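Please open the model in your viewer and keep the sequence panel beside it, so that each selection can be followed in turn.

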Amino acid sequence: KGVYDEALSSFFRNVDTRSGGDGRDISKGKICSLKARALLIDMEEGVVNEILQGPLRDVFDSKQLITDVSGSGNNWAVGHKVYGCQYRENIVEKLRKTAEHCDCLQCFFIIHSMGGGTGSGLGTFVLNLLEDEFPEVYRFVTSVYPSGEDDVITSPYNSVLAMKELNDHADCVLPIENESLFDIVNKIHQMISSGKLGTIVKQNSLVTSSTGSTKTVQEKPFDAMNEQGKVTGFCAVKVVSARFEGSLNMDLNEISMNLVPFPRLHYLVSSLTPLYTLADVNVPSRRLDQMFSDAFSRDHQLIQADPKHSLYLACALLVRGNVQVSDLRRNIERLKPSLHFVSWNQEGWKTGLCSVPPVGHSHSLLALANNTCVKPTLMELKDRFMRLYKKKAHLHHYLHIDGMEQSCFSEALSSLSDLIEEYNELDATKGGPRIEPSRLKIAV
Amino acid sequence: MSVVTVQLGQCGNQIGHEVFNAICSDVHGTHGLCSKKENESYHDACKERFFSEEKAGVPVARAVLVDMEPKVISQTLSIAARSGYWKYDDRSHFCQKQGSGNNWANGYSVHGPKHKDVIMNLVQKEAEKCDRLSGFFTIMSMAGGTGSGLGAFVTQCLRDAFPASFILNHVIWPYGTGEVIVQNYNSVLTLSHLYQSSDALLVHENDVIHKICAQLMNIKQISFRDVNQVIAHQLGSVFQPIYTAEGALHYSRSPLGDLMETLVPHPEFKMLGLRNIPQMPENSLAYSTFSWPGLIKHLRQMLIANATMEEGIDWQVRPPRPGSSVLSKHSTSKLLHFNASIANLVILRGKDMHSADLGSFRDPALYTSWLTPQDAFNLWKTPRAFNKYEKSASLVSNSQLLLKPLDNLVGKAWNMFASKAYIHQYTKFGIEEEDFLDSFTALEQVISSYTIL
């Protein structure tokens with residue numbers, strides 16, 4: 001069994017399960033039993049039960065679960081207003097308990113979907129709650145946005161109502177679209193079957209979660225992706241620098257500091273490379289450079305967006321593995337000319353170097369960007385919302401919930417419209433003349 | 001007299017560690033040694049300056065390590081201890097868990113006041129270990145949150161607590177194309193605050209050192225460790241024991257005081273640049289020979305033409321001749337080709353340095369008119385070679401060397417400030433727009449002063 005160290009302690013507690021009750025925390029030494037510092041919340045039991053029967057069952061404590069039976073009926077109002085109210089105390093208590101076990105609580109990760117009822121409604125309720133109860137702690141949200149062919153009819157309502165909450169209460173949001181995950185998985189399938197890759201590719205290994213387990217890609221890519229790999233693996237990469245050593249550490253609070261120039265513009269486009277494992281361990285420079293190029297290509301983004309043709313407000317690169325500052329600089333110099341940066345942030349790069357590579361890879365790169373390419377995603381969302389809202393379709397399901405009024409919808413809509421407008425204004429500056437503001441004059 | 005080093009943030013701690021390594025390895029080196037007596041004298045002076053004795057025998061660095069997150073300090077402590085040649089005092093460090101988030105305001109307004117007592121206690125303890133304290137050498141980067149913000153705060157505290165001691169801030173100028181997006185804000189705030197409490201700022205630019213690694217040291221995949229080692233070598237070449245006066249019988253006792261006296265005649269001018277030659281891969285050293293005239297000639301031209309390294313020096317640049325028209329001497333263009341100096345210090349280490357002729361550095365045309373060349377120029381030397389270089393020459397210069405980088409920095413920061421980007425991240429912790437304006441004003445003043453030399 002391994003040693004419980006600083007790195008593991010970011011995400012897990014080491015619990016002595018021999019004693020009863022809550023289990024005493026062991027701060028150093030051998031791993032006894034790892035428990036994730038997490039709360040699992042769902043208003044129906046199916047998914048949570050699966051987790052508790054799966055390979056990660058020992059990692060989650062039953063005391064960290066909050067479930068109900070009937071679900072939220074894909075209704076944001078049910079999730080947010082009804083269950084929110086009902087479970088508020090329970091959630092706060094469990095949060096406090098989990099927080100107490102932390103030496104230093106730096107941030108909360110919220111992982112949810114926007115289109116449904118629980119993740120969207122109760123999820124954003126919890127977001128509000130976190131701001132009230134723990135105002136100093138950063139709130140990072142990973143949101144799965146519904147695709148155009150989503151089978152939940154009311155997903156536009158749920159998403160837009162949730163967006164307002166994200167606008168107002170999240171520090172950083174990483175949107176992810178299922179369509180992009182599909183495309184990435186398909187691409188990998190194609191590459192494997194067409195034999196395009198010159199080297200041996202280990203089948204069925206995606207970048208996976210921090211526990212280091214590899215999951216097989218099944219015939220139903222939707223399940224495969226939703227359950228593992230992409231989202232969790234990606235979240236793990238994001239925080240890894242906080243856990244491991246490197247020559248230029250990058251922390252979570254630094255991400256928020258560097259990538260959010262204005263409070264409401266906190267939506268980050270993310271991409272992760274490489275997506276597959278290569279047999280080679282010592283990758284020559286050319287491949288390394290390819291990794292950087294890929295991070296900026298449309299194919300590797302986790303939302304349907306093309307950052308290269310939009311405007312960058314800021315960009316962060318976090319590299320793991322045997323990559324040095326000169327590799328990083330060389331690639332920044334190489335890629336910079338093809339990217340458009342906003343006039344007041346022409347050299348807006350945040351970089352981090354972590355010497356520990358992820359399991360199964362020799363290195364990886366996570367690119368996080370604040371880019372106006374999220375605008376189309378937001379605009380599409382607004383369009384889908386309007387198509388329903390204009391006809392007042394399905395509104396009654398929401399309005400008859402206690403606490404819901406027409407104004408909730410109109411406020412959410414205007415919040416989204418305002419956000420889109422802010423991105424429009426920035427886009428308008430793209431390619432325009434650079435007027436440097438005149439400097440302060442000093443009397444000689 | 002002793003120097004207490006305060007290592008601040010990731011950069012400060014990583015560099016500090018390399019500095020002590022370089023100093024130690026130089027002292028234990030076997031190249032270019034002179035007489036036994038000379039070496040012992042060097043060894044003793046170095047020890048007194050940077051290390052204290054421990055009963056166990058391994059010298060203990062006179063240093064305080066500060067960081068707002070634990071990884072770098074724990075790494076630094078353990079690597080030093082493993083070297084077997086020296087170590088840090090196990091108790092002389094302070095760290096927290098959450099970091100400063102690259103936020104100057106967080107470092108300065110939150111962490112600073114919160115941890116002031118603990119940190120100053122550690123400094124006090126180190127200061128008390130010294131028989132006589134020359135002053136403080138702080139190492140920090142300007143780009144991040146801890147080194148920059150907390151560093152500025154700590155410097156202020158040092159000034160308040162030790163009004164009679166010298167404070168030299170070693171400041172790392174980040175890469176131009178970004179390590180941190182808000183680095184220009186952090187830098188502007190740092191420089192303006194340090195200017196008030198520090199005696200001098202000794203600057204190293206990452207871009208410059210990176211080029212040295214690439215072109216002179218032939219390193220293919222340059223790591224921060226490579227960069228830090230070059231920086232440490234250059235610092236060592238300044239701070240190792242030296243004779244500061246002609247015919248002096250013992251090594252100078254007051255390294256920081258001497259430095260300030262020679263280089264900072266006026267509090268408006270505190271920016272010091274550092275050049276050190278030769279610089280080459282270790283395995284080339286055996287095949288190279290150096291001459292003092294050659295080194296001095298190159299160093300002088302590097303000063304005049306503001307060259308950052310020994311390659312690509314512009315030999316066309318000449319100092320203005322006396323009697324030339326007023327117009328050409330005081331050009332209003334900020335991009336003067338000729339680098340005017342206030343004061344310069346040349347340090348020579350290696351055999352036969354007596355034969356070195358520094359007349360060209362005493363040319364009045366190099367300097368402003370306030371000081372005579374006798375006062376404006378100083379020479380320190382020792383026959384004892386430094387760190388495997390049979391002969392090495394360093395230049396510490398208070399001149400227009402840093403004018404262009406400073407101007408660029410302020411320009412970029414101002415550009416961003418005009419759009420108010422990221423300001424909310426600072427006001428969140430108590431640094432308001434007004435504070436930014438004060439800092440900008442202070443630095444424009446410094447730029448203006450250096451421009452009209």
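**A tour of the contact between the chains**

Begin by selecting D103(A) and K97(B), which form a salt bridge (a side-chain nitrogen of Lys or Arg within 4 Å of a carboxyl oxygen of Asp or Glu) whose closest N and O atoms are 3.4 Å apart. Between chain A and chain B the count is four salt bridges.

This is a predicted model, in which local features need pLDDT of at least 70 and side-chain atom pairs count only at pLDDT 80 or more, while totals for chains, interfaces and linings use all residues. Residues are numbered from 1 along each chain as its sequence is written, chains are lettered from A and ligands numbered from 1 in the order in which they are written, and side-chain values use heavy atoms, with hydrogens and water left out.

Next, select everything in contact (heavy atoms within 4.5 Å) across the two chains: 53 residues come from chain A and 52 residues from chain B. The area buried there, meaning the accessible area (1.4 Å probe) that the two parts lose on being put together, summed over both, is about 4,300 Å², with carbon and sulfur atoms giving 53% of it. Within chain A, colour M257(A), R439(A) and L440(A), which lose the most area to chain B and together make up 18% of what that side buries.

Finally, turn to strands β8 (residues 107–113) and β9 (residues 138–145) of chain A, which run parallel and are joined by seven bridges; strands here are DSSP runs (E, at least two residues), numbered from the N terminus, and two strands pair if DSSP finds at least two bridges between them. In this pair, F108(A) stands opposite R139(A) of β9(A).

Technical notes:
Helix = DSSP H or I, 4+ residues; strand = E, 2+ residues; numbered from the N terminus.
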